[in-house]
Amino acid sequence: MKNLITLVVLAIVLGCGDDDSVAGTAGSGGAGGAGGAGGAGGTGGQEFSADPPLVIGGDERPAEVDIPTDYDPTVAHPLVMVLHGFGANGRLETGYMQLFNFVDAKQFVLVFPDGTLNDQGDRFWNGTAACCDPTDSVDDVSYLSGLIEEATQTYNIDPTRVYLIGHSNGGFMSFRMACEASELITAIVSLAGSTFDDPADCAPATVPVSVLAVHGTLDATIPYDGRPDLYPGAIETTERFASAGGCDTGSPTDEGSVDLVPSLEGAETDKLAYSTGCDDGIDAALWTINDGGHTPFFSTEFADMTTDWLFGHSR
């Protein structure tokens with residue numbers, strides 16, 4: 001298994017690069033843990049199949065789905081959607097994050113779509129002009145919103161527990177969804193991503209969304225401190241969404257450090273929470289991977305802890 005994960009990581013690194021000269025391109029890391037299943041009952045009395053299809057989205061842009069092996073159509077499940085990095089794909093990214101290992105243990109529905117192929121054969125999301133669709137050629141907000149709607153009609157999904165987890169370009173896209181489809185999204189995790197350079201472009205953002213940004217200080221592809229006139233750094237990005245949720249950004253809480261990356265010495269990841277004064281059910285967090293790069297080789301703790309963080313939020 002370790003060798004397989006290593007090959008996946010290498011494929012992502014080779015496909016996406018880690019070149020400090022790349023302004024917007026981006027690349028794309030667990031078992032056991034607290035459960036995430038929702039309550040009993042369907043959506044508005046709707047009955048769901050015990051053997052639903054594992055592909056949604058139609059013929060043009062299908063998206064794969066994984067469900068618990070003991071999937072119960074009478075129980076409402078959390079929905080987790082994975083958004084891959086530039087040049088990767090949904091299955092590769094989900095394997096890298098080791099999320100497949102948790103579908104049974106935490107009882108959630110996992111959707112992992114693919115971005116659009118560009119002229120060079122690399123898959124991308126229209127997260128922002130900087131990353132990675134400068135011509136604004138694809139309406140991925142509508143596409144992903146449609147997938148969420150279709151998932152809620154196909155599987156028994158708790159609409160108050162819909163989550164995104166994106167890496168790099170997928171992190172940018174997750175933040176964009178938190179801006180433009182906020183009524184559908186409960187919380188997001190962004191690994192090595194960012195958002196619009198101009199805060200005014202994050203619109204309409206009708207409902208606050210809880211966000212967790214995870215970012216390495218030595219990321220040479222999407223730098224921790226951002227790039228002027230392209231996108232903000234990890235701290236500014238997190239504080240923007242914290243402020244949108246009513247949180248006091250002047251008094252974040254130090255939640256200690258954890259070990260997510262075995263190749264880095266000690267507990268390399270510092271956890272900071274913005275949870276004071278927030279609107280009900282909303283908060284934000286920044287996990288800084290000291291000396292971490294763009295595509296860290298995570299232990300299973302990453303998938304375990306990020307899904308626990310997501311499942312701690314509902315509407």
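1. Basis of the model. This is a predicted model, in which local features need pLDDT of at least 70 and side-chain atom pairs count only at pLDDT 80 or more, while totals for chains, interfaces and linings use all residues. Residues are numbered from 1 along each chain as its sequence is written, and side-chain values use heavy atoms, with hydrogens and water left out.

2. Overall make-up. The protein chain contains seven helices and 14 strands, where helices (H or I, at least four residues) and strands (E, at least two) are DSSP runs numbered from the N terminus. Of the 315 residues in the chain, 54% are buried; buried means under 20% relative accessible area, exposed over 50%, and partly exposed in between, with a 1.4 Å probe and protein chains only. The accessible surface comes to about 12,200 Å², and carbon and sulfur atoms account for 51% of that area; such areas come from the Shrake-Rupley method with a 1.4 Å probe, and for residues only the protein chains shown count as cover.

3. Strand E14. Strand E14 spans residues 284–289, and because six of its six residues are buried, the strand is largely enclosed by the rest of the structure. In a regular strand the side chains alternate between the two faces of the sheet. Here Ala284, Leu286 and Thr288 point one way, whereas Ala285, Trp287 and Ile289 point the other way, and all are buried.

4. Partners of E14. Two strands are taken to pair if DSSP finds at least two bridges between them. Strand E9 (residues 210–216) pairs with E14 in the parallel sense over six bridges, and strand E13 (residues 269–274) pairs with E14 in the antiparallel sense, also over six bridges. Opposite Trp287 in E14 stands Lys271.

5. His215. This histidine, His215, belongs to strand E9 and is buried, with a relative accessible area of 3%. Leaving out residues up to four places away in sequence, His215 touches Trp287, Thr288 and Ile289, as well as Ala192, Gly193, Ile222, Pro223, Tyr224 and Ala234; contact here means heavy atoms within 4.5 Å.

6. The nonpolar cores. A nonpolar core is a set of buried Ala, Val, Leu, Ile, Met, Phe, Trp, Tyr and Cys residues joined through side-chain atoms within 4.5 Å. The largest one has 40 residues, and those with the most contacts inside it are Leu144, Tyr155, Met177 and Ile185. At least two residues of this core come from each of several elements, among them strand E3 (77–83), helix H4 (140–154), strand E7 (157–167) and helix H5 (169–180), and the largest share, six residues, comes from H4. Apart from its neighbours within four places in sequence, Leu144 is in contact with Met81, Leu83, Pro113, Trp125, Met173 and Met177. A second, separate core of 32 residues includes Val103, Val214, Leu264 and Phe298.

7. The disulfide of Cys179 and Cys202. The structure holds two disulfides, a disulfide being a pair of cysteine sulfur atoms within 2.5 Å. In one of them, Cys179 is joined to Cys202 with an S to S distance of 1.9 Å, and the torsion about the S-S bond is about -105 degrees, so this disulfide is left-handed. Cys179 lies in helix H5 and Cys202 in the loop between strand E8 (187–191) and E9, so the pair ties together parts that are 23 residues apart in sequence. Cys179 is buried at 0% relative accessible area, whereas Cys202, at 22%, counts as partly exposed.

8. The disulfide of Cys247 and Cys278. Cys247 is joined to Cys278 with an S to S distance of 2.0 Å, and this link is right-handed, with 120 degrees about the S-S bond. The pair links distant parts of the chain, 31 residues apart, with Cys247 in the loop between H6 and strand E12 (253–258) and Cys278 in the loop between E13 and E14. Cys247 is buried at 7% relative accessible area, and Cys278 counts as buried at 16%.

9. Helix H7. Helix H7 (residues 301–311) is mostly covered, since nine of its eleven residues are buried. The buried residues of H7 include Phe302, Met305, Trp309, Leu310 and Phe311, together with Asp304.
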